[in-house]
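Welcome, and please take a moment with the sequence and the model below.

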Amino acid sequence: MEKTDICCIGHITLDKIVTPRLTVHSPGGTSFYFAHAMSSLNADSFLLVTSLADSEMKAVDDIRALGINVKVLPSRHTVYFENRYGENQNNRSQRVLAKADPFTVQGIADINARYFHLGSLLADDFSIDIIKSLSQRGIVSVDAQGYLREVRGDKVFPVDWVDKLEAMKYIDILKVNEHEAEVITGATDPLQGARILSQWGVKEVVLTLGSMGSVILADGKAFNIPAYIPADIVDATGCGDTYMAGYLYKRSKGADYDEAGRFAAAMCTIKLQATGPFRSSIADVQRLIAGDI
């Protein structure tokens, strides 16, 4: 397969999102939000690799209609999440009503990219062998969230990342929030947690801190990225995925850590102001960064 700039691999989900304001049923998952953000960035050299049941192929058709190249791996089921938010959007409870088949080394054997982003949703989505295999082909970016979620029945339980020490040797870019950093490293201070992840082998630690902004730890330095203040907070679902789409997009274009982080943070704020995936433009992001919005 032809080499692309960025490849996101992850399950598209069925999401039931319940907030104090509304209940919404929609497709979701890292790969869904990432792909939509990429389409808004006019990222022509982008490939989405996903896995879902035939019954949910409309979500793929809709993404393809945006001009996105999608490779679909068969699965008996589609991941079905129920996300419930309180008034504080940082507080979320989850149930998993169905699980998809895990990705396999064989299933992604023919994929080539400069950057791979693994959108893990559950602990068994991606084995350590997949990370090792992809690291031989390009830069590996991982969202840690799924590795810390184990499903028992329909409940999601927080767990530690089983293969974390081995995995960090092959992960170039790792996205964690403050809670995930503490679970993985044991450090109560998020920045100290990021430093531990760096010591374990991660080259770029992307630490998101919600309304407190984010920190990129790379080359032994911490780059503090401010959060742009939203005009309204509507739906936080997919904000982290949107952030990583913006970050990897800018990094793939040669941007430094600070520029990529600020662009990602602005995308995240615009996404927060509306339900559904990011649908704005590069110009909108640049205006927010410049203070014109």
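## A β-α-β unit

S8, H3 and S9 form a β-α-β unit that is right-handed; the term says that, with the strands pointing away from the viewer, the path from the first strand over the helix to the second runs clockwise. Helices (H or I, at least four residues) and strands (E, at least two) are DSSP runs, numbered from the N terminus. This is a predicted model, in which local features need pLDDT of at least 70 and side-chain atom pairs count only at pLDDT 80 or more, while totals for chains, interfaces and linings use all residues. Residues are numbered from 1 along each chain as its sequence is written, and side-chain values use heavy atoms, with hydrogens and water left out.

Helix H3 (residues 128-135) lies across strands S1 (4-9), S8 (113-119) and S9 (139-143), and runs at about 165 degrees to S8. Such angles run from 0 to 180 degrees between N-to-C directions, with axes fitted to C-alpha atoms, for helices over the stretch in contact; contact means heavy atoms within 4.5 Å.

## The sheet

The open sheet has 9 strands in the order S5-S4-S1-S8-S9-S12-S13-S14-S15, and its pairing is mixed. Strands S5 (69-74) and S15 (221-225) stand at the edges with a single partner strand each, so one side of each has no neighbour in the sheet. Strands count as paired if DSSP finds at least two bridges between them.

S8 and S9 run parallel, joined by 5 bridges, and Phe116 has Val140 in S9 as its bridge partner. S9 also pairs in the parallel sense with S12 (residues 173-177), over 3 bridges; here Val142 is partnered by Leu174 in S12. S9 is largely enclosed by the rest of the structure, because 4 of its 5 residues are buried (under 20% relative accessible area, with exposed over 50% and partly exposed in between; 1.4 Å probe, protein chains only).

Helix H2 (residues 57-64) lies across S4 and S5, at about 165 degrees to S5.

Ser31 sits in helix H1 (residues 30-40) and counts as buried at 0% relative accessibility. Leaving out residues up to four places away in sequence, Ser31 touches Cys8, Gly10, His11, Ile12, Leu48 and Thr50.

Ala167 belongs to helix H4 (residues 164-167) and is buried, with a relative accessible area of 1%.
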